[in-house]
Amino acid sequence: MSTMATKATEPTKSAVTRNIPLPIYLDYQATTPTDPRVFGAMLPYFTTKFGNPHSRSHSFGWESEEAVETARGQVAALIGASDKEIIFTSGATESNNLAIKGVGRFYKDRRNEIVTVVTEHKCVLDACRHLEQEEGFKVTYLAVQKNGLIDLNHLREAVTDKTALVSVMAVNNEIGVIQPLKEIAAIAHEKGAFFHTDAAQAAGKIPLDVEAMGIDLMSISGHKIYGPKGIGALYVRRKPRVRLHALIHGGGQERGMRSGTVPTPLVVGLGKACEIAKNEMGTDNERIRALSDRLYNGITKQLKDIVLNGDRDHRFPGNLNLSFSYVEGESLMMGIRDIAVSSGSACTSASLEPSYVLRALGVEEEMAHTSIRFGIGRMTTEAEIDYAIETVVKHVKKLREMSPLWEMVQEGIDLKSIQWSEH
Amino acid sequence: MDSRWTYLDYNATAPVRPEVVARVAEAMTIGGNPSSVHRFGRLACAFVDRARDAVGGLVGAEAEQVLFTSGATEANTLGLRSLARHAAPGGRACAASRILISAIEHDSVLGAAHTLDLPVETVPVTAGGVLDLGALDKMLGAGGTPVVALMLANNETGVLQPVAEVATRVHAVGGTLHCDAVQAAGRVPLDLDALGADTLVVSSHKLGGPMGAGALIVRNLTLVSPMLVGGGQERGLRAGTENVAGLAGFGLAAELALSDVANSNKIKALRDDLENRLHVIAPAAQVFGADAERIPNTTCLALAGLDNETQVIALDLAGVAVSAGAACSSGKVAAPRVLRAMGAPEALAKAAIRVSLGWASTAADIDRFCAAWSEFVARHAARAVAPNPYSRAAGAQ
């Protein structure tokens, strides 16, 4: 064991010789680094062009307003919307709250049902739960299949002519699976319901077109696409018009749907991030897919009993959620602490409860506990992936060597057949 | 700031302080989601914690009492609806039955008040722009459990409001008080306990911090009924990934603004100089709320017969940025609601412009404003008040 301990310090050394700054960031679903080009675009709006975009009495205001409108166009262009359909918010959590509560409340008299999915982001689930518990809505939480995708037949059964809104996320934050948006929209529309998608993890990562896909509302986050935190957008369709009740009232900004001073530098940053994403999505994704394959192959070639959570094909490659059998999750996280990854959604990772998303896929508790989400993005390098492979493989092997379960499995014992005595 | 410009519209927004820009840049470079447990997350979290201390310090509150929001509008909405829905402090479990708002509140308070399914009544102000305490007493005496909204300093006139007195009276009848302190923060000393308000609102970008950050300061967190849910941030009372860089900048701006408060005589001297010169340029010029206690940076002035829209355009052409009413979405320049509430004649209210100073203002800015305004007055007032056909004919030749 003493040789083990010595070896454990080695990765740092090898990283230094490879000239990789540690820790390595592989948590692109929690947040992405701000692209320097984005911050560059924002900077003048802090220093010289600092006007309030709603000031009508001087050039500082006009200049700022113009920048806001340019950014609106950049966001719209990314998803095939028109400028007037983009509402700026403080982030995807607000966008999701606004879409669900706002639309729900507006149409409540005629339609008081909402259909969503158990693997949605917490803010979608909590907004739905609020409407259900406090405001008399009926909410259906659809289950998912083992691969994380919804069953369209179940959706068809759940949507009725009382359904106001169907809310299904585009790309899952924990496992990266892509739901069939176009098909979902068609089913919602058959019954006259609107379709909202939380695209915080999808916008700028996979091609999205609100027209072609029939999306009525879409939530976008700045900091998941190399833009700043504190800014997001909600796409709200104008034809046919989707109406909603505002959450935040006051000056009447954002066509009355969201009051408050529009934060020019943040909006400029979001716009720039969308523009870059639109132009570079193809090349970014090619790189990301290659790095993702390299990581997956690198690990699975050297280790067996690794499970990829979520559908293999319908996924964003920048998300690789793996479960490592016969390894204690906490110990693995400690072992690979030079690699910043997540063992669940960032919002809940401080808790030790197994991820509700993985549980919804039917992943057993032990396997959910040993799952790690590797997030790969625009700034990830091949050297970082190689370092991650080396470190993960080494620590999983080490932990398995110490595991009596692993030993039994190697000896051919079926663990499920064992009658564990209770002490 | 661009020296070709004189910016005197700090009540709309302030230029971001250079130290703040550096802090924002630093936080942006570090990245990380504060909810993540790894090092990037912890670094991000440290920025947010430090900012929370600083914002608490600005208003004499504990860090734990500070809830970060996307800005003052959200904080006003969150504060008012929380007070309207929840029990009065001191364990009296009765939801509010009526909302009383002063006649000079910001649009965000007005907007929020009218969405709470409770009757909304307006408390008048005096001609000097101060809340009419006598009228308030009568309204409080009518019974019910009120939520009262009273701003600390008005955005148009800068007039300070008797928040502490009102807090005592409101609490005496079992009500609660919401106080929008956006324009007072960083300009006068603030102390949450001394003010006695149950909820207090501060905005980053009025302090020289970045836009997109604000805070609701709450005396008793159990009063808060969350509006944005899911994710558990801000003790579960305001969900959403924290605007780390924005909050880092907000925190530093709060620290710097706090030291500005100590030196507020400097700004006050500039403002007083401005007002003295206005009266020399146009003895008939009026300053709204001049007799009341005001924050030291604001002058709301009017000269009857001068249209405010024409004034701001002329001043803009001369490189001086001031305002003719609050910056909001409407785009229309109406006689400000605040001045009408003070009983100002329509003609005078329509002539009003607001000059507001801040951390980067200098004596040269005052000179430049006075020169530009003086020229405007000479051109327009002379024509309007004393037409002289001879001099005009002479000019034409």
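In which hand do H6(A) and H7(A) cross? The crossing of H6(A) and H7(A) is right-handed; a crossing counts as right-handed if the near helix is turned clockwise from the far one by less than a right angle, and as left-handed if anticlockwise.

This is a predicted model, in which local features need pLDDT of at least 70, side-chain atom pairs count only at pLDDT 80 or more, and totals for chains, interfaces and linings use all residues. Residues are numbered from 1 along each chain as its sequence is written, and chains are lettered from A and ligands numbered from 1 in the order in which they are written.

**Helix pairs**

Two packed helices are described by the angle between their axes and the distance between the axes. Axes are lines fitted to C-alpha atoms, for helices over the stretch in contact, and angles run from 0 to 180 degrees between N-to-C directions. Helices (H or I, at least four residues) and strands (E, at least two) are DSSP runs, numbered from the N terminus.

| Helix pair | Angle | Axis distance |
|---|---|---|
| H6(A) and H7(A) | about 30° | 9 Å |
| H11(A) and H15(A) | about 20° | 9 Å |
| H1(B) and H8(B) | about 150° | 8 Å |

H6(A) and H7(A) are therefore roughly parallel to each other, where angles under 35 degrees count as roughly parallel, over 145 as roughly antiparallel, 65 to 115 as roughly perpendicular and the rest as oblique. H6(A) contributes Thr93(A), Asn96(A), Asn97(A), Ile100(A), Lys101(A) and Gly104(A) to the contact, and H7(A) contributes Cys123(A), Val124(A), Ala127(A), Cys128(A) and Leu131(A). Two residues are in contact if their C-beta atoms, placed from the backbone, lie within 7 Å. By class, this contact has six nonpolar, four polar and one charged residues. Ala, Val, Leu, Ile, Met, Phe, Trp, Tyr, Cys and Pro count as nonpolar, Asp, Glu, Lys and Arg as charged, and the others, Gly among them, as polar.

H11(A) and H15(A) are likewise described by their angle, and are therefore roughly parallel to each other. H11(A) passes H15(A) in a right-handed crossing. On the H11(A) side the contact is made by Leu291(A), Arg294(A), Leu295(A), Gly298(A), Ile299(A) and Gln302(A), and on the H15(A) side by Glu382(A), Ile385(A), Ala388(A), Ile389(A), Val392(A) and Val393(A). These residues divide into eight nonpolar, two polar and two charged.

In chain B, H1(B) and H8(B) are therefore roughly antiparallel to each other, and H1(B) passes H8(B) in a right-handed crossing. The residues in contact are Glu19(B), Val20(B), Arg23(B), Val24(B), Ala27(B) and Met28(B) of H1(B), with Val244(B), Ala245(B), Ala248(B), Gly249(B), Leu252(B), Ala253(B) and Leu256(B) of H8(B). They comprise 10 nonpolar, one polar and two charged residues.

**Contact between the chains**

60 residues of chain A are in contact with 63 residues of chain B. On the side of chain A that touches chain B, the elements giving two or more residues are H4, H5, H6, H7 and H11 of chain A. H7(A) gives the most, with seven residues. The chain A side divides into 23 nonpolar, 31 polar and six charged residues.

**Domains**

Domain bounds come from an automatic or database domain assignment. Chain A has domain 1 (2-34 + 281-406) and domain 2 (36-277), and their C-alpha centres lie 30 Å apart. The contact joins 25 residues of domain 1 of chain A to 31 residues of domain 2 of chain A. Strand S10 (319-324) and helix H13 (356-360) of chain A each give two or more residues to the domain 1 side. That side divides into seven nonpolar, 14 polar and four charged residues.

Chain B is divided into domain 1 (6-13 + 264-384) and domain 2 (18-260), with C-alpha centres 28 Å apart. The contact takes 25 residues from domain 1 of chain B and 26 residues from domain 2 of chain B. The largest share of the domain 1 side, three residues, comes from H11(B). By class, the domain 1 side has 13 nonpolar, eight polar and four charged residues.

**A sheet in chain B**

An open sheet of three strands has the order S9-S10-S12 (chain B), with antiparallel pairing; two strands pair if DSSP finds at least two bridges between them. The edge strands, each pairing on one side only, are S9 (286-287) and S12 (353-356) of chain B. S9(B) and S10(B) pair over two bridges, and the bridge partner of Val287(B) in S10(B) is Leu301(B). Helix H9 (residues 264-281) of chain B lies across S9, S10 and S12 of chain B, at about 10° to S10(B).
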